Amino acid sequence: MAMRKRSGSGSKRHLKEKVVQIYESFFRGEDLTSDNPTFWDEFFLLKPKIPQLEAEIHKLSVEQLDNMKDNINMLVAQCIEMLGQEHHIRLVYALQTFSALLTTMYQRASQDSNINIKMILLGNDDFKMQKLLEHCSTVLSGDVPDSLKSMVLKLLLVIATGVDNIDDNPLMEYLMLHSLFEPLIQLLCTSTERQQHGYDVVLLLMFLVNYKKHESANPYVVKLSILDDELALNGYGQVITAALNDYVISTQGEGSGGGWLSSLTSIMGGIFLTSDDTQPVVKGNRNSGGEEGMLLALYEAAHLNRNFMTTLAHSSSAAASSAPPSPPATLPPHQSPPSLAQIQALDNDQPTNLLVTFFQYCSIVMADTKSEASINKCSLCFITLTCIVEEQFANSIMHDQNLTFKVQLYRLPMRHRKIVLEEPPSQPLASTLIDLLVEFMMCHLLKKFPGELYELCVGVVLRLLSYQKRCRVRLARDWRPLWAALIALLKFLATNESALLKRHNIFVMAQQVVNIFNLFITFGDTFLPTPASYDQLYYELIRMHQVFNDLFIIAFRYSTGDGEYKADALRLANCLVNVRAIIQHFSAKIDSWLHSENLSTPTEEQILEVVRNSYDSLILKLQEGLEAYERYSERHYRALLVKLVRSAAARARASSDAAALHRHSAALLSHYTTLT
């Protein structure tokens with residue numbers, strides 16, 4: 001009598017699913033199609049098991065992969081063939097399989113440079129990729145479910161972000177030969193598709209624009225630079241606005257203390273900086289870095305497309321572009337839910353635009369210059385601002401007295417000042433930008449001085465003033481905070497001259513700052529709001545005379561020596577001539593007046609009165625070209641941009657996970673099942 005073997009945990013066999021058995025046989029090199037002509041039709045009706053497929057590929061050595069290339073070529077060809085079929089299940093499963101295959105092969109190629117990903121996936125048949133991109137274009141521009149478009153976009157992002165250095169990606173060349181620019185841009189033109197796909201579309205366009213942009217004719221660079229479709233440009237801008245706004249809200253939402261809508265002063269904690277070690281890092285970085293791709297997309301549009309400047313003025317409701325308040329159950333511990341007044345403050349339909357959100361975002365990013373990554377992101381903010389303020393139309397928007405906004409900029413808490421939550425003034429955006437630049441200049445005078453960032457910052461100030469001088473625009477604001485910040489920078493340079501000269505040419509930066517004062521002195525009457533503002537300028541120069549005297553002494557010392565800074569120091573000494581003439585002229589007048597009045601401690605108003613009465617005898621040297629600047633050129637920042645694109649690609653890879661692909665697949669299958 002046959003004895004039945006008792007089933008136990010040690011002997012229990014796990015049956016493998018059919019698709020897993022096929023994976024194993026396929027990657028052993030077995031021919032599964034010779035006895036079954038309908039094999040591929042049946043295969044793509046089986047639900048893919050992505051982890052098992054990836055595991056089978058990872059098991060193969062480089063030599064085995066090379067030997068398997070004919071089989072893998074066939075699998076790729078069949079995946080692409082299925083994308084053109086009307087059978088919905090095969091279409092979805094082919095997309096899933098191909099995405100997993102691409103992802104895994106890119107991972108293998110990153111681990112071993114001997115793997116030729118192009119030969120293994122495609123062989124010598126370039127027609128495969130052409131057919132793939134034709135199918136992608138058809139899906140993106142067709143009347144198909146959103147989940148299908150999302151899967152195609154995810155597939156294209158897998159290709160675009162597969163390699164750290166995008167220029168080394170062997171599959172990107174096909175995207176250049178068969179442009180998808182038009183179907184991608186069309187997705188930004190309608191609100192429903194923009195909400196569903198906008199982020200992926202703009203991110204993908206950013207990567208495509210950055211492929212060998214300086215080595216060959218990149219069609220995406222050309223087409224983005226001449227794009228003039230207002231709907232598409234506004235859609236592009238709205239996607240970026242929403243992404244940057246999400247960053248601001250998420251960072252704010254995780255700040256410590258206060259209510260959900262407490263001031264942006266709660267975004268970052270810690271005591272502010274007097275040395276590098278005490279500089280705080282932004283807390284609550286739940287999404288930190290995730291918006292890098294959108295920041296790069298904003299830079300590319302601002303740099304390449306003059307028509308994009310109209311998008312900067314495209315106003316929308318703040319409530320419409322931001323996420324709703326978190327319900328109390330989702331708030332971080334020890335944080336009170338928003339009050340009714342706070343919710344109303346958020347949803348009051350105050351107008352906003354891309355510039356408003358970008359300035360708020362910059363105020364947060366510029367607060368942290370401790371790590372290389374944060375400095376890179378801060379640099380990108382400054383060069384984007386540089387591109388914006390060089391454009392006449394953008395300047396006209398920012399200086400429009402009838403276009404005012406209340407912009408809550410983040411301000412770092414410092415030992416010498418207490419941050420008090422106040423409603424920001426309603427003012428032109430140029431004034432808000434000056435406030436942003438002043439805040440940066442005052443907050444980063446550190447031992448580890450970020451000199452390159454200060455050069456960019458001062459350059460933005462010069463471009464703003466150049467526009468005001470050229471167009472005789474009088475910006476109604478208090479200019480003293482800007483003058484104080486510039487003088488504080490000069491004082492820092494003079495005080496730390498020996499240490500700073502080891503890493504920075506302080507004479508060039510000091511000359512830039514002094515020439516900004518020369519611009520105010522020589523042409524201030526054409527763009528300062530009132531004569532009183534001009535008087536206040538002279539008052540500040542006289543009051544802080546010691547800073548300029550110390551700077552001249554340093555410049556004179558180096559200009560008379562034989563060091564490498566001799567020429568730059570001489571130029572600095574020469575550009576100080578008018579400032580020193582003002583100080584010497586008015587100091588003598590003030591001393592004479594004090595002696596005649598028998599006073600030792602005059603008031604500010606008394607000094608101003610002496611200044612007003614002593615202009616006639618002041619002799620200044622006429623200086624030309626003070627508003628001139630070298631227009632922005634990308635070649636100076638190529639290395640920075642390469643790093644940022646590499647970082648954005650790494651983050652995009654990390655977020656483009658199998659779970660997201662599975663969600664879209666499930667949604668598609670549900671949709672098609674319902675239709676059936």
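Guide: Here is a short tour, from the whole chain down to single residues. The model is predicted, so local features need pLDDT of at least 70 and side-chain atom pairs count only at pLDDT 80 or more, while totals for chains, interfaces and linings use all residues. Residues are numbered from 1 along each chain as its sequence is written, and side-chain values use heavy atoms, with hydrogens and water left out.

Visitor: How many helices and strands does the chain have?

Guide: The chain has 33 helices and 4 strands. These are DSSP runs numbered from the N terminus: helices are H or I with at least four residues, strands are E with at least two. Of the 676 residues in the chain, 53% are buried. Buried means under 20% relative accessible area, exposed over 50%, and partly exposed in between, using a 1.4 Å probe and protein chains only.

Visitor: What should I look for inside?

Guide: In soluble globular proteins, nonpolar side chains tend to be buried together. Here the largest nonpolar core has 218 residues, and Phe207, Phe358 and Phe382 have the most contacts inside it. A nonpolar core is a set of buried Ala, Val, Leu, Ile, Met, Phe, Trp, Tyr and Cys residues joined through side-chain atoms within 4.5 Å. Helix H26 (residues 506-527) gives the largest share of this core, 13 residues.

Visitor: Which residues does Phe517 touch?

Guide: Phe517 sits in helix H26 and is buried, at 1% relative accessibility. Leaving out residues up to four places away in sequence, Phe517 touches Trp483, Leu486, Ile487, Leu490, Leu537, Leu541 and Phe548. Contact means heavy atoms within 4.5 Å. Phe517 and Val579 are 62 residues apart in sequence, yet their C-alpha atoms are 8.0 Å apart.

Visitor: How do I describe two helices that pack together?

Guide: Two packed helices are described by the angle between their axes and the distance between the axes. Helix H5 (residues 69-82) and helix H8 (residues 127-141) pack at about 25°, with axes 9 Å apart. Axes are lines fitted to C-alpha atoms, for helices over the stretch in contact, and angles run from 0 to 180 degrees between N-to-C directions. H5 and H8 are therefore roughly parallel to each other; that label covers angles under 35 degrees, with over 145 roughly antiparallel, 65 to 115 roughly perpendicular and the rest oblique.

Visitor: Which residues of H5 and H8 meet?

Guide: From H5 come Asn73, Val76, Ala77, Ile80 and Glu81, and from H8 come Lys128, Lys131, Leu132 and His135.

Visitor: Is helix H1 enclosed or open?

Guide: Helix H1 (residues 18-26) is largely enclosed by the rest of the structure, because 7 of its 9 residues are buried. Among the buried ones are Val19, Ile22 and Phe26. Their cover includes helix H2 (39-43), helix H3 (50-59) and H5.

Visitor: What can backbone angles tell me?

Guide: Most residues other than glycine have a negative phi, and most peptide bonds are trans. Arg472 is not a glycine but has a positive phi of about 55°. Arg472 lies in the loop between helix H23 (451-471) and helix H24 (480-495), and is exposed at 58% relative accessibility. Asn598, also not a glycine, has a positive phi of about 55°. Asn598 belongs to the loop between helix H30 (577-597) and helix H31 (604-612), and is exposed, with a relative accessible area of 71%.
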